Amino acid sequence: DVDFGYYPRAAIGSLVWEDVNGNGVQDVGEPGLTNVTVRLYDSGSNLVATVQTDTNGVYAFTNLLPGTYYVQAVPPNGYTNTLVQAGEDPSLDSDMNAAGWSGPVTVISGETRKDIDSGLYLPALLKGYVFKDSDGDLLRDTGDGTITNTLVRLVVDGEVIASTYTD
């Protein structure tokens, strides 16, 4: 009446990549990011393991007990998380939310999940000047004064996505 049960362990892993165009989809030519910290937590919010991505942006957590886990990719300085679950192909999207966390990832005995990806991008910076073109040459020259407290809007596809006032 002494029984033994054996089961193969599970694994979770995939890719952390630079989403160059910020569309939330792994496009051809977008590189994996090296040395990104990826953490694995169990369903009780306990840290199970921490790994770094390899030179291709690949990470893996192996030898896991069956269960439910959460993956967290920590963006390197300057990077931010891309759109979550964009596009129509779940194998090519980012599975991390704006805070860098996956939803629950459940693995069963012997299962390997290779679809928990993280897309990161470097945000663009747009800046310029609102100025009085004193000589009318359409260039900002010495002597052209700045104009303060002017509303500037960033419009994409006809929609205002950001606005600010000049200083």
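In what order do the elements of the chain run from the N terminus on? They go β-β-β-β-β-β-β-β-β-β-β. Counted up, that is 11 strands and zero helices. Before I go on, please keep in mind that this is a predicted model.

Next, the overall shape. The C-alpha trace spans about 95 × 30 × 30 Å along its principal axes. The radius of gyration of the chain is 23 Å, while a compact globule of 167 residues would have one near 15 Å.

Now the pairing of strands. Strand 5 covers residues 67-74, and strand 2 covers residues 37-42. These two pair in the antiparallel sense, over six bridges.

What about contacts along the sequence? Take the contacts in the chain with a separation of 6 or more: residues 24 or more positions apart account for 56% of them.

On to burial and surface. Of the 167 residues in the chain, 28% are buried. The accessible surface comes to about 10700 Å², and carbon and sulfur atoms hold 52% of that.

Last, charge. How many positive and negative side chains does the chain have? There are 8 positive and 23 negative ones. The centres of the two sets lie 7 Å apart.

Technical notes
Residues numbered from 1 in each chain as written. Predicted model: local features only at pLDDT ≥ 70, side-chain atom pairs only at ≥ 80, totals over all residues. Heavy atoms only, no water. Helix = DSSP H or I, 4+ residues; strand = E, 2+ residues; numbered from the N terminus. Rg over C-alpha atoms; globule rule 2.2 N^0.38 Å. Buried < 20%, exposed > 50% of the residue type's maximum accessible area, 1.4 Å probe, protein only. Contact = heavy atoms within 4.5 Å. Areas by Shrake-Rupley, 256 points an atom, 1.4 Å probe, with all protein chains shown as cover. Lys, Arg positive; Asp, Glu negative; His and termini not counted. Charge placed at Lys NZ, Arg CZ, Asp CG, Glu CD. Pairing = 2+ DSSP bridges.
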